[in-house]
Amino acid sequence: MHWVVQNNLFNEQGFHTLMDVLVHGSIPHTLVKVIPFGGGVEPSLELSGPVVVMGSLSLTRHALAQGWTPGAFINDQFDYRLWRKHLGRHLLNADATVCRLADVSVREGRFFIRPCLDDKSFSGMVTSWEAFAKWREQVLALDTYATVSADTLVAVSEPRAIQREYRMVVVDGRVITGSLYKLGDRVLASLEVEPEVHAFAQRMADTWGPDRAYALDVFMHGGELYVGEINNLNSAGFYAYDVGKMVAAVEAMRF
């Protein structure tokens, strides 16, 4: 496998850990700079055989355009509507209302909103109606390189008090590694994941998965575990998960 890694994209420790794993494992790799707005990468690459990328969504789209295999683990299954269909009550915001961004109506109190797709069009947020309406007016006024439009599908729900947040890595249906990355409102990075969290993540992976590899975020709310969201592995942050185990699992895949 040849790894194409976007330079200086991820948090410093995760990025350097990935590079150490690739170098010490004598795994072919290239660092690239992504040229904005679909301009490709520098240096330009002509690669054959299996290639996998780690970087921004722009890099994953470039991989798809180049026809690299696997390139990036991303498809139309990374969609809140499908998560709810397959995972049901195990999804944290299973009761969300789905609509166009332009159709979100006045709401009392604070609420949570996120795009249905894992396309990083905007970050999920807890907000008030006043703040949201102002933000929506501003983003919809943009007409150059805008990532959000009136037709962007969103999921809107009541806010949840999240006690813990974990990032778990799934490859070919198996939970490979994971990390606790938030405790209440405190951001941290710990490789220690309780057995029950690992077991829950594996049950969810056994139930359904959007691709051969992905990042599964597990949240604790009210003492119960839920799937918070599912992310494209190629563009998800590392936090403190075991990057070596992730690389080994991807390297073991056959195409």
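**Packing, pocket and backbone geometry**

Beyond its neighbours within four places in sequence, M168 is in contact (heavy atoms within 4.5 Å) with V175, T177, G178, S179, V193, V197, H198, A201, Y214, A215, L216 and V218. The structure is a predicted model, in which local features need pLDDT of at least 70, side-chain atom pairs count only at pLDDT 80 or more, and totals for chains, interfaces and linings use all residues. Residues are numbered from 1 along each chain as its sequence is written, and side-chain values use heavy atoms, with hydrogens and water left out.

M168 is also among the residues with the most contacts inside the largest nonpolar core, together with Y80, Y214, L216, V218, V227 and I230; this core has 27 residues. A nonpolar core is a set of buried Ala, Val, Leu, Ile, Met, Phe, Trp, Tyr and Cys residues joined through side-chain atoms within 4.5 Å, where buried means under 20% relative accessible area, exposed over 50% and partly exposed in between (1.4 Å probe, protein chains only). At least two residues of the core are supplied by each of helix 3, strand 10, strand 11 (174-183), helix 5 (195-207), strand 13 and strand 14. Helices (H or I, at least four residues) and strands (E, at least two) are DSSP runs, numbered from the N terminus. Helix 5 provides the largest share, five residues. Another core, of 24 residues, lies apart from it and includes F15, V52, F73 and L233.

The largest pocket has a volume of about 720 Å³. It is lined by 34 residues, of which F112, R114, S123, G124 and E229 are the closest to its centre. On a 1 Å grid over the protein atoms alone, a pocket is an open set of points where a 1.4 Å probe fits, with protein on both sides within 12 Å along at least five of seven lines; lining residues have an atom within 4 Å of a point. Grid points are joined across faces, edges and corners, and the volume is the space filled by probe spheres set on the points. Strand 14 gives the most to the lining, with four residues.

Two peptide bonds are described as cis. One joins E42 and P43, with omega about -5°; P43 lies in the loop between strand 3 (41-42) and strand 4 (51-54). The other runs from T69 to P70, with omega near -5°, and P70 is in strand 5 (residues 70-71).

Positive phi values occur at K120, near 55°, and at Y239, about 50°. K120 is partly exposed at 42% relative accessibility, and Y239 is partly exposed at 33%.
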